[in-house]
Amino acid sequence: MSKLLIRPGAPDKNGCVINVTPQSAGWRHVGFQMHRLKPSQVMRGGLGERESCLVVLTGTANISVDGKSFDAVGGRASVFDDAAPGAVYAPAGSNYSVTAQGEAELAVCSAPGKPGRSPRAIAAADMSREVRGSGTNTRYVRNILPQNKDADSLLVVEVITPGGHWSSYPPHKHDTAAAGKETVLEETYYHRVKPPQGFAFQRVYTDERDIDETMCVHDGDLVLVPRGYHPVGAAHGYDLYYLNVMAGPERNWVFRNDPQHEWLAQKSQVAPQ
């Protein structure tokens, strides 16, 4: 199996089924954990010099960050619901606890940060929504923690791609520092599929083809994108959800399309996420 494809394992005592650290991924910035919490289960954490965005993908949880309480965060039954997730920003140096109110799915998205910011709930009204593309390139974007909202490194976004559609397309990359043209951002894709027995495909490749992998992703899989282009295709009949986490030296999403497929962007004039 590809080293870029991470499948969920059995839950540990904190309900964690996926745990990606910069060390395990072989990079410097992005960390990602997926927790499947049972009713009343408590998960505690704190990542020192790393900020976190705690995203309640499904279910409801009470969250406390350094003694500041955020009650009844979340509430949607499925990531495919037309509703925002619950989300709380936990600054670097803070400690947090998450108590599930019923079954809940929690994503812990992390990246380097500096102490001094205040913990806060991210309101649904602050998660801007976009429809990108047209035809079979249409997808639906919700910006959970975009670059115009306070944070040190993190960028967090979720996307729904209807069955038979393409996403993160035209193929684009963000792995080279070129002022005004491209920024360096590591990225993870946490995939969900509806119905869950379905699948999608994600390719990660570079210009030099020193990375060129095409992965069949299933419900609950995670894909690492250390560099290179990374388009996604959802199989006919199976809607695809993914949660993106990005971070790098500069908190700014500036991408470059694959020159061989640039004509698609010029034709449609849409962003590729």
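## Salt bridges

A salt bridge here is a side-chain nitrogen of Lys or Arg within 4 Å of a carboxyl oxygen of Asp or Glu. This is a predicted model: local features need pLDDT of at least 70, side-chain atom pairs count only at pLDDT 80 or more, and totals for chains, interfaces and linings use all residues. Residues are numbered from 1 along each chain as its sequence is written, and side-chain values use heavy atoms, with hydrogens and water left out.

The structure holds 16 salt bridges. One of them pairs Arg7 with Asp221, at 2.3 Å from N to O. Arg7 sits in the loop between strand 1 (5-6) and strand 2 (16-20), and Asp221 in the loop between strand 19 (212-217) and strand 20 (222-225), so the bridge ties together parts 214 residues apart in sequence. Strands are DSSP runs of E, at least two residues long, numbered from the N terminus. Arg7 is partly exposed at 36% relative accessibility, whereas Asp221 is buried at 2%. Buried means under 20% relative accessible area, exposed over 50%, and partly exposed in between (1.4 Å probe, protein chains only).

Asp210 and Arg227 form another salt bridge, at 2.6 Å from N to O. Asp210 lies in the loop between strand 18 (200-205) and strand 19, and Arg227 in the loop between strand 20 and strand 21, 17 residues apart. Asp210 is partly exposed at 48%, and Arg227 is partly exposed at 34%. Asp175 bridges to Lys173, with closest N and O atoms 2.6 Å apart. Here Asp175 is partly exposed at 22%, but Lys173 is buried at 6%. A network of salt bridges links Arg76, Asp82, Arg129, Arg142 and Glu158.

Glu51 belongs to strand 5 (residues 50-65). Glu51 is buried yet has no salt bridge; Arg117, the nearest side chain of opposite charge, is 4.7 Å away. For charge, Lys and Arg count as positive and Asp and Glu as negative; His and the chain ends are not counted.

Glu51 does have polar partners. Its side chain makes a polar contact with the side chain of Tyr89 at 2.5 Å. The backbone nitrogen of Asp152 lies 2.9 Å from a polar atom of the Glu51 side chain. A polar contact is a pair of N or O atoms within 3.5 Å; within protein, one must be able to donate a hydrogen and the other to accept it, and residues adjacent in sequence count only if both atoms are side-chain atoms.

## Nonpolar cores

A nonpolar core is a set of buried Ala, Val, Leu, Ile, Met, Phe, Trp, Tyr and Cys residues joined through side-chain atoms within 4.5 Å. The largest has 51 residues; Phe32, Cys53, Val55, Leu57, Cys109, Val156 and Leu243 touch the most other members. Strand 22 (residues 239-247) supplies the largest share of this core, 6 residues. A second, separate core of 17 residues includes Leu37, Val56, Ala61 and Leu106.

## Cysteines

The disulfide count is 0, with a disulfide taken as a pair of cysteine sulfur atoms within 2.5 Å. The sulfur of Cys16 is 12 Å from the closest cysteine sulfur, in Cys109, too far for a bond. Cys16 is buried at 9%. Cys53 is in no disulfide either; the nearest cysteine sulfur, that of Cys109, is 5.4 Å away. Cys53 is buried at 0% relative accessibility.

Terms used: Helices (H or I, at least four residues) and strands (E, at least two) are DSSP runs, numbered from the N terminus.
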